[in-house]
Amino acid sequence: METRALDCLRTVGLFQNLPEERLEWIAERAQEVRLAAGDVIARQGDPPDGFYVILEGETEWTRKVGREEAFVVALGPGAIFAELIMVLDAPYPTTGRAVTDARLLKLDKTEFWEMLRICPEVLRGILATSVERAELHESVSQRHGKLISLGTMAAGLAHELNNPAAAISRAAAEARQTFRFSSEKAAKLGALPLDAEQRSLVADLPTRVSELPAPTLDSLDRSDLEDEVALWLEDRGVEGAWDVSPTLVGAGLDVARLDGLSGRLPQEALGDVLGWLASVVSGDGLLREIEESSSRISELVRAIKTYTHMDKAASKEVDVHAGLDSTLVMLGHKLKKGDVKVVREYEAGLPPVCGHAGELNQVWTNLLDNAIGAVGGHGRILVRTARENGRVLVEVGDDGPGIPEEIRSRMFEPFFTTKDVGKGTGLGLDISRRVVVDDHRGDIRVESRPGDTRFQVRLPIAPDTRGAS
């Protein structure tokens with residue numbers, strides 16, 4: 001089974017750039033699932049139980065819209081499913097059935113998350129392809145705004161994930177070479193004419209260097225110090241002096257410290273010791289870069305899960321500040337494109353509102369996306385919250401040119417938009433109005449003049465917290 005699984009995995013676009021040993025890792029841990037024609041794979045609303053790859057057979061996926069089952073997509077050999085809802089810990093948005101006898105590969109939850117940990121490029125691919133998946137569901141039911149919002153921002157999230165994922169890939173490749181070089185250098189240390197005290201000194205060098213304070217130098221002073229250290233190394237016959245000096249300087253070593261080390265080691269051993277030390281320091285730096293990039297990916301995944309709240313069909317109490325913050329993270333790729341300053345004016349101790357967190361996050365997305373567009377990449381966006389007459393006020397403002405009166409009077413009409421096809425969040429102000437007014441018994445309005453446009457949303461405070469101060 002493992003050979004057949006490997007052959008299938010090689011055809012899956014999500015895994016095309018994975019090395020063979022990673023594919024073997026996945027194949028070894030995957031379980032085979034057999035289905036007969038007509039078997040139900042999962043029902044709409046079921047929690048995800050694993051990540052699947054179709055080996056053989058055809059499957060069909062439908063979505064219940066009102067009282068009807070609407071066709072969404074057919075998936076055959078080499079297709080994957082449940083990857084995105086696993087990341088989001090969301091329920092199945094569709095019902096799947098085997099059209100023919102079928103065989104599937106399944107990774108359970110533990111193995112799926114382990115795969116994402118060791119293969120960050122797979123997570124990047126999942127988010128990049130989520131645009132297509134979201135568009136499928138939008139065509140079936142435009143009211144399912146969670147998937148629409150996720151789909152329209154997936155490209156930006158893929159960009160956000162690409163930087164740390166690319167850093168991990170590059171650092172891992174460099175680390176492989178660095179540790180190989182370090183091993184070669186370490187092997188040479190055994191043949192050096194060192195006594196027991198000197199060998200103990202050499203063995204302790206990486207720890208001592210790691211405790212040195214990082215140099216605080218501007219680029220010119222740093223360049224001068226690197227040149228000084230390189231000349232010192234060159235005078236003592238150290239091989240690759242100009243390549244080694246930046247690493248030693250970055251670790252906090254200057255000529256004075258190198259002089260102190262030189263006085264305690266034989267001259268003929270100095271080059272090999274410093275070459276080995278530089279490779280160890282470089283390897284530690286690459287590992288730190290991998291760790292930091294992995295943490296950034298984890299932060300983005302947490303932000304996605306906070307933003308969607310797809311694991312909570314109805315949140316009776318919603319933390320408005322958490323929703324606004326996660327939405328700003330999701331829109332970070334747009335905020336970074338220009339010179340946009342976001343000012344948060346959050347009232348301390350703001351009570352939770354009564355409603356659905358995922359739906360409200362769609363409203364924040366729409367309002368913030370409109371504000372970003374209004375300032376044209378250069379300006380100030382205000383996000384303010386306050387308690388007002390038994391309700392929570394959320395205000396999103398910008399210092400853009402303002403909204404003309406003829407447009408302002410139509411902004412909440414169904415299907416009205418001023419944006420080109422394919423632009424925007426896919427959630428018009430009409431849908432935002434329905435979420436706020438119809439679903440949450442709140443109010444949404446706009447005040448606008450040149451340099452000061454403010455969308456104001458007022459929502460009922462959660463019943464159990466009305467009396468709180």
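I find 5 strands in an open sheet, ordered β9-β10-β11-β13-β12, with mixed pairing. For me, two strands pair if DSSP finds at least two bridges between them. The edge strands, each pairing on one side only, are β9 (339-345) and β12 (443-449). Neighbouring strands are turned by 15° against each other on average, direction ignored.

Strands here are DSSP E runs of at least two residues and helices are H or I runs of at least four, numbered from the N terminus. The model is predicted, so local features need pLDDT of at least 70 and side-chain atom pairs 80 or more, while totals for chains, interfaces and linings use all residues. Residues count from 1 along each chain as its sequence is written, and side-chain values use heavy atoms, without hydrogens and water.

**Edge pair**

I checked β12 against β13 (residues 452-460): they pair antiparallel over 7 bridges. D443 has R458 in β13 as its bridge partner.

**Helix on the sheet**

I see α12 (residues 320-330) lying across β9, β10 (378-388) and β11 (391-398), at about 165° to β10. Angles run from 0 to 180 degrees between N-to-C directions, with axes fitted to C-alpha atoms, for helices over the stretch in contact.

**Helix pair**

How far apart are the axes of α8 and α10? I get 10 Å, at an angle of about 25°, for α8 (residues 219-235) and α10 (residues 255-262). They are therefore roughly parallel (angles under 35 degrees). In contact (heavy atoms within 4.5 Å), E228, V229 and W232 of α8 meet V255, L258, D259 and S262 of α10.

Conventions
Angles under 35 degrees count as roughly parallel, over 145 as roughly antiparallel, 65 to 115 as roughly perpendicular and the rest as oblique.
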